[in-house]
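Colleague: I'd like to talk through the charged pairs and some of the helix packing here. Could you start by telling me what you count as a pair?

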2 protein chains.
Amino acid sequence: MAGVTLRIGELSRRTGASPRALRYYEEQGLLTPDRRPGGYREYTERDVVTVRHIRTLLAAGLGTVAIAEVLPCAITEEGELLPACPELVTGLTVERDRITGSIGELQQALGLLETIITRWSEQAPAKASL
Amino acid sequence: MAGVTLRIGELSRRTGASPRALRYYEEQGLLTPDRRPGGYREYTERDVVTVRHIRTLLAAGLGTVAIAEVLPCAITEEGELLPACPELVTGLTVERDRITGSIGELQQALGLLETIITRWSEQAPAKASL
DNA sequence: GTTGACTCTGACGTCAACGTGAGGCTTTAG
DNA sequence: CTAAAGCCTCACGTTGACGTCAGAGTCAAC
């Protein structure tokens, strides 16, 4: 297989994460790229996927510590690793429920905003254009 | 009409917001309670609803500044106030779309976690893929 | 071999929504 | 009246995920 490696800038472009963010993820143990002789980080295609997972979970309110525990179980392009996951499942269930709750809150907020928007759209001497 | 006023502690208990948070909301112009001669804040039943709206919108990722603009239009138990809302509607639309996007992200995260949870709960590390 | 884009390692700055005392009034119970 | 809650106003501390320099090394091209 081709060892097509990416440098940090390219990975950044392909994931939307800033170089600083990528270094931060590494600092938190979420990524462990190889290094070139000169010290440059070498990322793989796999890391592209991983970073997207990281961002998804961050957006869902998980902290880097929690993500660090989840990632080894999520990698599975070809399931292989079997970390300690009994305790993990309970933790994940908690997170899942929290996220479900968050979605509910967001939908409430949506309802609130929708109400306001439609009310004011309908009764304003509309100047409805951008 | 009953002038049933609440002090900060009571409002705190009824909304889940800490007293510090309630003072912060006031500082940000989201609440403007009257004061007793002694300086104590006097909240009304209306404020209970308002605080819940605030928390909902905060949970949805709106900042206090944005909320300050929305609240006057949201109070309406009996529609009365008419602030400057033409520009507001566009802003709200933006926020609404952002929230919709957030919900999508959360659902993605949910999918990820569900996958992991069910896979490990079934305890048969079968070969799954993403 | 030199430019210029890219990357490296620190290390301090940021921002929002509060937390957390410090020190001192106000109100309520008895 | 006194004591205990409860509340007041500063004002600095916290947390997480980065932003933003500074100073220096690396790499591909010309």
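Modeller: A salt bridge here is a side-chain nitrogen of Lys or Arg within 4 Å of a carboxyl oxygen of Asp or Glu. Please keep in mind that this is a predicted model.

Colleague: Fine, so which residue does B:Arg35 form a salt bridge with?

Modeller: B:Arg35 is paired with B:Glu26, and the closest N and O atoms of the two are 3.2 Å apart, which lies within the 4 Å cut-off.

Colleague: And B:Glu26, is that buried or exposed?

Modeller: B:Glu26 is buried, because its relative accessible area is 18% and buried means under 20%.

Colleague: Which residues of chain A do salt bridges join into one network?

Modeller: The network consists of A:Glu26, A:Arg35 and A:Arg41, which are joined through salt bridges that share partners.

Colleague: How many salt bridges are there over all chains?

Modeller: Searching the whole structure gives 16 salt bridges over all chains. One of them joins B:Glu10 and B:Arg13, with an N to O distance of 2.8 Å.

Colleague: Where do B:Glu10 and B:Arg13 sit in the chain?

Modeller: Both belong to helix 1 of chain B, residues 8-15, and because they are three residues apart there, about one helical turn separates them. B:Glu10 counts as partly exposed at 32% relative accessibility, whereas B:Arg13 is exposed at 65%.

Colleague: What about A:Glu95, which residue does that one bridge to?

Modeller: A:Glu95 forms a salt bridge with A:Arg98, whose closest approach, N to O, is 2.8 Å. The two are three residues apart in helix 5 of chain A, residues 86-123, so they too are separated by about one helical turn. A:Arg98 is partly exposed, with 35% relative accessibility.

Colleague: Changing topic, at what angle do helix 3 and helix 4 of chain A pack?

Modeller: Helix 3 (residues 45-59) and helix 4 (residues 64-74) of chain A pack at about 135 degrees, with their axes 10 Å apart, and they are therefore oblique to each other. Helix 3 of chain A passes helix 4 of chain A in a right-handed crossing.

Colleague: Which residues make the contact?

Modeller: Helix 3 of chain A contributes A:Thr50, A:His53, A:Ile54, A:Leu57 and A:Leu58, while helix 4 of chain A contributes A:Thr64, A:Ile67, A:Val70, A:Leu71 and A:Ala74. Seven of the contact residues are nonpolar, three are polar and none is charged.

Conventions. Residues numbered from 1 in each chain as written. Chains lettered and ligands numbered in written order. Predicted model: local features only at pLDDT ≥ 70, side-chain atom pairs only at ≥ 80, totals over all residues. Heavy atoms only, no water. Axes fitted to C-alpha atoms, helices over the stretch in contact; angles between N-to-C directions. Helix = DSSP H or I, 4+ residues; strand = E, 2+ residues; numbered from the N terminus. Parallel < 35°, antiparallel > 145°, perpendicular 65-115°, else oblique. Left-handed = near helix turned anticlockwise from the far one by under 90°. Contact = heavy atoms within 4.5 Å. Nonpolar A, V, L, I, M, F, W, Y, C, P; charged D, E, K, R; others polar. Buried < 20%, exposed > 50% of the residue type's maximum accessible area, 1.4 Å probe, protein only.
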